2 protein chains.
Amino acid sequence: MSELFTVVSPDDAFERLRAVLASVARIESVPLERAVGRTLAREIVASEPLPPFARSAMDGYAVCARETHGASESSPIYLRLAGEALMGMLPAFALAAGTCARIHTGAALPRGADAVVMVEETNLLESGDVEVLASVACGEDVIQAAEDLAPGDLALAAGHRLRPIDIGGLAALGVVDVPVAAPPRVAVISTGDELVAPGVQPRAGEIRDVNGALICAMLGEAGAQARHYGIVEDDEHRLFAAAAAALAQSDALVVTAGSSVSARDTTARALARLGEPGILLHGIAVKPGKPTIVACVAGRPVFGLPGNPVSAAVLCWRLVVPAIRLLLGQPVSVGGLGAAARAARLTKNVPSRSGREDYVPVTLMLGAGGTTDAQPTFAKSNLIFSLVRSDGILRVPRDAGGLRAGELVEIYAW
Amino acid sequence: MSELFTVVSPDDAFERLRAVLASVARIESVPLERAVGRTLAREIVASEPLPPFARSAMDGYAVCARETHGASESSPIYLRLAGEALMGMLPAFALAAGTCARIHTGAALPRGADAVVMVEETNLLESGDVEVLASVACGEDVIQAAEDLAPGDLALAAGHRLRPIDIGGLAALGVVDVPVAAPPRVAVISTGDELVAPGVQPRAGEIRDVNGALICAMLGEAGAQARHYGIVEDDEHRLFAAAAAALAQSDALVVTAGSSVSARDTTARALARLGEPGILLHGIAVKPGKPTIVACVAGRPVFGLPGNPVSAAVLCWRLVVPAIRLLLGQPVSVGGLGAAARAARLTKNVPSRSGREDYVPVTLMLGAGGTTDAQPTFAKSNLIFSLVRSDGILRVPRDAGGLRAGELVEIYAW
């Protein structure tokens with residue numbers, strides 16, 4: 001095993017990498033309708049008030065609030081109807097004393113009006129006067145100009161990954177060309193003499209490459225442009241050549257090593273030759289996934305993940321995805337763990353060894369009292385369907401010394 | 001207000017719609033690398049054992065377990081090295097009595113072997129014999145053929161939305177062309193005399209259309225092919241013509257109505273003319289979003305959502321997204337609520353009226369004791385940035401009569 005094999009915590013491993021990463025500063029502009037899931041490359045600041053004018057929040061009558069003072073069902077007040085505030089324009093008239101204007105939800109208030117009486121609390125008389133049955137306060141049922149955002153307000157921060165509701169916010173501000181981070185290009189290489197591509201029928205002793213497709217799918221979901229560079233045999237020189245060529249076209253490289261010690265050593269030696277600063281660490285205090293290599297070449301992250309698919313998936317999620325998020329300019333908390341943890345109640349004890357962060361696949365069920373119950377599935381880490389059958393993974397923190405049934409625990413859903 | 005205006009629960013509204021929907025039975029095949037997020041149109045059954053042969057889970061020596069019986073550090077047993085099980089092929093030799101074979105993680109066991117002794121519990125002697133320092137049980141450190149999946153086992157169910165880890169499972173099975181549901185085509189129309197497209201500078205009294213982009217983004221994320229058919233003024237005949245033309249090209253239609261009562265009536269009358277069975281209900285016991293219209297035309301769902309963006313977003317999520325999931329063939333629970341609820345602890349009291357399902361935007365924070373805390377943000381429902389600033393929405397169940405600080409509550413993250 002490599003002399004570099006030392007064991008550090010996943011948090012430390014991530015922070016060692018963060019310290020030497022360069023940012024990918026490529027920005028591109030995408031139309032609003034294709035911006036979901038992309039990461040803002042610049043902050044969005046409101047340049048106009050939102051809404052741009054005071055609007056009615058109800059169907060009713062625009063009034064001057066103090067003129068309704070004391071109005072009630074038993075003691076109504078009467079206002080003369082001065083006109084109607086039509087949708088889509090500013091009323092040409094102003095409210096004179098003793099008058100009101102018919103208004104619909106969303107229409108601009110006429111000058112002189114500062115509140116709306118909802119239609120249910122009025123009667124329109126045959127005389128053309130409006131009987132007001134309730135007193136309203138200044139601003140009642142009015143959305144003030146700039147109530148949502150004032151010019152200069154931060155609307156969305158740089159590094160924010162856009163959700164569908166954010167697209168609505170950008171539409172409101174008129175941001176139809178959205179400045180986003182270009183997707184980091186990630187090269188993925190599978191190694192292993194026993195591997196064939198998923199589309200090939202394995203011969204006796206061969207198996208299909210799971211990690212290439214799996215890692216590309218995870219990184220694609222995270223916002224990368226992942227490309228599989230194929231399967232390379234367990235040979236240091238061939239792997240070095242393939243890795244160097246792939247990295248030359250990419251912002252990051254992920255090699256899933258063969259599972260055996262000798263295959264891992266091959267990977268470590270090949271990755272060590274790629275450039276400076278080189279291998280940062282080999283071995284992480286995490287289960288599954290201990291024999292992971294983290295390296296950096298000229299500011300670009302390079303990973304050697306274990307060959308078995310469960311370990312590869314967990315370490316890809318735990319270290320590679322946060323690194324991609326850094327390259328995209330997203331805020332990533334210390335240690336790299338995402339904010340997506342959800343609390344769930346553990347259904348049975350989970351033992352663990354102190355000094356190591358453990359991950360266990362779980363299925364989630366609605367539990368009693370509004371909680372989510374997490375049921376650990378102690379599957380062998382080589383079996384990809386033990387992950388496929390799970391809803392997420394349970395994190396057993398480094399020094400928890402195991403978790404007990406009934407505890408609230410941290411779950412990361414797939 | 002329309003005579004059809006009756007108020008039913010969101011669950012009932014969804015089930016009335018489900019009862020009259022036709023399925024979209026278009027299936028397409030996509031390459032594995034583009035299958036994330038797509039919905040399986042057919043179940044995937046394993047046609048081969050996975051793994052296809054018994055494999056070693058460790059680096060070490062393949063043995064016949066009973067020959068190691070009684071071995072220990074103080075009393076080792078000795079086996080003759082018969083050869084090496086190479087990666088990617090079935091060993092040509094079988095283990096004779098008293099022999100073992102060098103093996104790496106992932107390699108196929110030779111015939112006659114039924115367990116692996118890890119290398120750390122052996123010594124290779126200069127004589128070529130292997131000293132075994134521990135006894136192993138039959139099957140120890142072996143992954144049996146078909147241990148993950150046996151031929152005929154269900155690997156993934158029809159209607160399952162593919163996650164990145166599922167892509168790994170499909171790769172393992174050699175499913176490189178994935179049968180998925182074609183995305184339902186959803187037409188989205190915005191109505192309102194005050195609206196201009198997001199790319200247009202509004203004049204006085206006008207505002208930008210938020211809902212068109214917002215609804216398309218939400219439905220796109222849900223797996224639909226959403227297309228915005230533009231802004232139509234509040235005119236029954238024009239809206240009918242636009243809606244009929246859009247629906248003729250689509251599997252579903254969403255109209256976001258103007259917010260005023262008159263605009264809603266226009267929408268209701270236009271939608272009522274589209275075809276049978278027509279409007280199923282007008283008015284839902286939900287806040288925000290009460291003035292929602294649910295209709296069906298020749299098996300295709302049609303929605304009239306409120307004009308204000310917060311109501312439109314909540315009702316799109318609550319009713320339209322589950323309808324899209326039905327069209328995709330996904331399993332949707334009774335009432336349409338997704339399984340994505342997470343439990344969080346409420347930080348302050350939330351009042352609600354009995355008989356109505358309420359939704360309140362919340363921000364989420366890591367709380368004490370491993371819980372997530374949900375902080376309600378009581379914003380006006382017309383302000384899109386009150387949603388943009390939230391992490392999700394809190395559901396106040398129909399007859400909860402409000403929720404109290406400290407309770408575990410249901411959160412749906414955006």
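Entry 1: I count a residue as buried if 20 or more other C-beta atoms lie within 10 Å of its own, as exposed if 12 or fewer do, and as partly exposed in between. I also note at the outset that this is a predicted model.

**Entry 2: B:Arg161.** I applied the term to one residue of chain B. B:Arg161 has 19 C-beta neighbours inside 10 Å, so I record B:Arg161 as partly exposed. I then looked up its place in the chain and found B:Arg161 in the loop between strand 12 (154–156) and helix 2 (164–173) of chain B. Which residues does B:Arg161 contact, leaving aside its neighbours within four places in sequence? I list B:Gly37, B:Thr39 and B:Gln330. I also checked B:Gly223, which is 62 residues from B:Arg161 in sequence; the C-alpha atoms of the two are 9.3 Å apart in space.

**Entry 3: chain A as a whole.** I turned to chain A and noted 7 helices and 27 strands in its secondary structure. Its radius of gyration is 30 Å, whereas the globule rule gives 22 Å for 414 residues; I therefore describe chain A as more spread out than a compact globule. The C-alpha trace of chain A spans about 95 × 50 × 40 Å along its principal axes. I recorded 54% of the 414 residues in chain A as buried. Of the contacts in chain A with a separation of 6 or more, 72% are between residues 24 or more positions apart.

**Entry 4: two helices of chain A.** I examined helix 3 (residues 211–222) and helix 6 (residues 309–328) of chain A, which pack with their axes 10 Å apart and at an angle of about 30°. Angles under 35 degrees count as roughly parallel, and I therefore call helix 3 of chain A roughly parallel to helix 6 of chain A. The contact draws on residues of helix 3 of chain A including A:Leu214, A:Ile215 and A:Met218, and on residues of helix 6 of chain A including A:Trp317, A:Val320 and A:Ile324. By class, I find 13 nonpolar residues, 1 polar and 1 charged in the contact of these two helices of chain A. I noted the crossing of helix 3 and helix 6 of chain A as right-handed.

**Entry 5: chain A against chain B.** How many residues does each chain bring to the contact between chain A and chain B? I recorded 78 residues from chain A and 77 residues from chain B. On the side of chain A that touches chain B, helix 2 (residues 164–173) of chain A gives the most, with 8 residues. I sorted that side of chain A by class into 42 nonpolar, 21 polar and 15 charged residues.

Definitions and conventions. Residues numbered from 1 in each chain as written. Chains lettered and ligands numbered in written order. Predicted model: local features only at pLDDT ≥ 70, side-chain atom pairs only at ≥ 80, totals over all residues. Helix = DSSP H or I, 4+ residues; strand = E, 2+ residues; numbered from the N terminus. Rg over C-alpha atoms; globule rule 2.2 N^0.38 Å. Contact = placed C-beta atoms within 7 Å. Axes fitted to C-alpha atoms, helices over the stretch in contact; angles between N-to-C directions. Parallel < 35°, antiparallel > 145°, perpendicular 65-115°, else oblique. Left-handed = near helix turned anticlockwise from the far one by under 90°. Nonpolar A, V, L, I, M, F, W, Y, C, P; charged D, E, K, R; others polar.
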